[in-house]
Amino acid sequence: MEGDPTEGALYPFASKLGMDRATEQASSPRTDAIPFESEHKFMATLHKSAAGKEALLVKGAPEVILEHCDRQQAASGQAASLDRAHFMQASDRLAAQGERVLALAWLENPGVKVGSLAPTDLPKTLVLLGLVGLLDPPRKEAIEAVKECHGGGIRVTMITGDHKLAGDR
């Protein structure tokens, strides 16, 4: 995998859902994107199918994505009322287990202008697809640094800052 490790972790997940990366990219190529930046805590991609339908796909911090959703997608594929409290509790549970949590949402035919998509263009009418919890293994250099500290009798506490519960682990 070359590029963003989060993207790399999501590809096997999509594959388990029966999606094929090459097929998806060919059938609905990306036409624009809002890259991830820590200031807005999400990324979005705009895609257009051969049939001319557009879809905005969004992933990011649950508290940010949920603020932009007004409904959730049910198992039937239909949109239903958003149970914001349920998803925030689920997000907190995953974070308390040490997982990095992402919310996934989308919007069909978002009506955004291609070529100048910006963070302020993110609609407040997204449909929440769900949450994903990722295990974020420590980097090799972090493992070495902790070993060195332990060898010197130093007790180590790691705080990532990714989630408000990160300090509770």
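Among contacts (heavy atoms within 4.5 Å) between residues at least 6 apart in sequence, 58% join residues at least 24 apart. This is a predicted model, in which local features need pLDDT of at least 70, side-chain atom pairs count only at pLDDT 80 or more, and totals for chains, interfaces and linings use all residues. Residues are numbered from 1 along each chain as its sequence is written, and side-chain values use heavy atoms, with hydrogens and water left out.

**Overall build**

- The protein has 5 helices and 7 strands; these are DSSP runs numbered from the N terminus, with helices being H or I of at least four residues and strands being E of at least two.
- Taken along the principal axes, the box filled by the C-alpha atoms is roughly 65 × 35 × 30 Å.

**Inside and outside**

- Of the 169 residues, 31% count as buried (buried is under 20% relative accessible area, exposed is over 50%, and partly exposed is in between, with a 1.4 Å probe and protein chains only).

- Ala 75 sits in the loop between β4 (69-73) and β5 (79-81), and it counts as exposed because its relative accessibility is 91%.
- Although Ala 75 and Leu 129 are 54 residues apart along the chain, their C-alpha atoms are separated by 9.6 Å.
- Met 19 belongs to the loop between α1 (5-16) and α2 (21-27); with a relative accessible area of 39%, Met 19 is partly exposed.
- Together with Phe 13 and Leu 17, Met 19 forms a nonpolar surface patch with about 290 Å² of accessible area.
- Patches are made of residues with over 30% relative accessible area and no salt bridge, joining like charges within 9 Å and nonpolar side chains (Val, Leu, Ile, Met, Phe, Trp, Tyr) within 5 Å; a salt bridge is a side-chain nitrogen of Lys or Arg within 4 Å of a carboxyl oxygen of Asp or Glu.

**Cysteines**

- The structure holds 0 disulfides (pairs of cysteine sulfur atoms within 2.5 Å).
- Cys 69 is buried, at 3% relative accessible area, whereas Cys 149 is partly exposed, at 27%.

**Helix α5**

- The 12 residues of α5 (residues 140-151) should span 16 Å at 1.5 Å a residue, and the end C-alpha atoms agree at 17 Å apart (the expected span is 1.5 Å times one less than the number of residues).
- After α5 comes Gly 153, which has a positive phi near 80°.

Notes: Areas by Shrake-Rupley, 256 points an atom, 1.4 Å probe, with all protein chains shown as cover.
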